[in-house]
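Me: I have a protein model open and want to learn to read it. Could you take me through it feature by feature?

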Amino acid sequence: MVDLRSQYLRIKTEIDSAIESVLQASAFIQGPEVKEFAQALSIKNQNTHVIPCANGTDALQIAMMALDLKHGDEVILPVHTYVATAEVIALLGLIPIFIDVDANTFNIDVDQIESKITPRTKAIVPVHLYGQCADMEPILKIAKAHNLFVIEDVAQALGAEYTFADGTIKKAGTMGVVGTTSFFPSKNLGAYGDGGAIFTHDSLLAEKMAMIASHGQKVKYHHDVIGINSRLDTLQAAILNVKLKYLHEYTRKRNEAANFYDHELTSCNFLKIPKRAKYSTHVFHQYTLKAKGIDRDDFKKYLEGKGIPSMIYYPVPLHLQKAYQRPGFGIGSFPVTEQLSKTVISIPIHTEMTSEELVYICQTVKEYPRHA
């Protein structure tokens, strides 16, 4: 699905030099590269404050802790997403309130949000799934009208841009009060291990989140708030410093692959290509098709038999996961997501794809025997 080795080999000299510098200095925790990376990412991200942390899940937890969400508070999120978004909410004693998604963009269905708001609702977490932004303008209006926090989960859409009705363009993760992201190796900006970051324009909130990430301390051994231990280690920061310079190129290459897929697979009447929302650019963390009139799982086995990997994001909706089942929310509660769980399939898309690979994948897809 992702060719990380080839990507590394293309920038090997720079990566090896960055790693060697850290090894020589031996400042493995909170070395200067961590601050350098945060500053560089801030510039790329419309000058938000950037708080590096250990992973994307921690980023969400730190954000919610810093916003003083209390036990029993409700947080709205899409039901079609990775478990980490709901996991953090539940871990903090908050109540996840699931919303179905738009069948075309795969992102939270904005029209359903207000019906789920109660006096206990405190935040909305729009997940920018597969690489494009959720429809943020109406989400922000709803949040303002009901005095709610908006926490953007940008783990799959770093670098995507949203265009407002007045022409204003904002980066994913810079529109809500907080944005969170992951640097898991397969992400569009991936480390060589775990890593994450939090974004905000609010200076005081940034300071508080930095404290929470460091055991609740601003001055060593002086713990002003309850915190956790969540650091981006220096080696990963050094690697990310190098790769950040290539993020725009990585996005361009993913879009070139997606454009090729679009052109070649549009004619496949048993598949639906991804919809690109007018209000958002797409960074194609995943290229996700929808199967139509075929057995998706049989199609997946067919691809595997031809040497083509594929993934299902996600095979079991959150409301049907054992850990998140609640009375009254069984099969049929979120029909769009339940249908997507049976029909979506993501095919390879990454920065190192060759024209030969793209041609082979598309030709193989088009030759799928419909009777199977």
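**Reading the model**

Reply: Start with burial. Of the 372 residues of the protein chain, 55% count as buried. Buried means under 20% relative accessible area, exposed means over 50%, and partly exposed lies in between (1.4 Å probe, protein chains only). This is a predicted model: local features need pLDDT of at least 70, side-chain atom pairs count only at pLDDT 80 or more, and totals for chains, interfaces and linings use all residues. Residues are numbered from 1 along each chain as its sequence is written, and side-chain values use heavy atoms, with hydrogens and water left out.

Me: How many helices and strands does the protein chain have?

Reply: Helices (H or I, at least four residues) and strands (E, at least two) are DSSP runs, numbered from the N terminus. The protein chain has 12 helices and 14 strands. Its radius of gyration is 21 Å, close to the 21 Å that the globule rule gives for 372 residues, so the chain is as compact as a globular protein of that length. That radius is taken over C-alpha atoms, and the rule is 2.2 Å times the number of residues to the power 0.38. Along its principal axes, the C-alpha trace spans about 70 × 55 × 45 Å.

Me: What share of the contacts joins residues at least 24 apart?

Reply: Contact means heavy atoms within 4.5 Å. Take the contacts between residues at least 6 apart in sequence: 72% join residues at least 24 apart.

Me: Now the inside. Which residues have the most contacts in the largest nonpolar core?

Reply: A nonpolar core is a set of buried Ala, Val, Leu, Ile, Met, Phe, Trp, Tyr and Cys residues joined through side-chain atoms within 4.5 Å. The largest one has 35 residues, and Tyr261, Phe299 and Val365 have the most contacts inside it. The elements that give two or more residues to this core are H9, strand S13 (287-291), helix H10 (296-305), strand S14 (344-347) and helix H12 (355-366). Look at Val365: among the residues it touches are Leu265, Phe270 and Leu303, leaving aside those up to four places away in sequence. A second, separate core has 32 residues, including Met64, Leu67, Leu69 and Val178.

Me: Which residues of helix H5 are buried?

Reply: In H5 (residues 83-91), Ala84, Thr85, Ala86, Val88 and Ile89 are buried. The buried residues of H5 pack against H4, S2, S3 and strand S5 (149-153). Just after H5, Gly93 takes a positive phi of about 80°.

Me: Next, charges. How many salt bridges does the structure hold?

Reply: A salt bridge is a side-chain nitrogen of Lys or Arg within 4 Å of a carboxyl oxygen of Asp or Glu. The structure holds 15 salt bridges. One of them joins the side chains of Lys122 and Asp73 (3.8 Å, N to O). Lys122 lies in strand S4 (residues 121-124) and Asp73 in the loop between helix H4 (56-66) and strand S2 (74-78), so the pair ties together parts that are 49 residues apart in sequence. Asp73 is buried, at 11% relative accessible area, whereas Lys122 is partly exposed at 28%.

Me: Where do Glu74 and Arg120 lie?

Reply: Their side chains meet in a salt bridge (3.4 Å, N to O). Glu74 lies in strand S2 and Arg120 in the loop between strand S3 (95-99) and S4, so this pair ties together parts that are 46 residues apart in sequence. Glu74 is buried at 7%, and Arg120 is partly exposed at 44%.

Me: What separates Glu256 and Arg252?

Reply: First, the general idea. An α-helix has 3.6 residues a turn, so residues three or four places apart point the same way. Now the case here. Glu256 and Arg252 are 4 residues apart in helix H9 (residues 247-265), separated by about one helical turn. Their side chains meet in a salt bridge (2.8 Å, N to O). Salt bridges can also link up: Arg10, Glu249, Lys253 and Glu352 form a network of them.

Me: Last, the surface. Where does Phe28 lie?

Reply: Phe28 lies in the loop between helix H2 (12-25) and helix H3 (32-44). Phe28 is partly exposed, at 37% relative accessibility.
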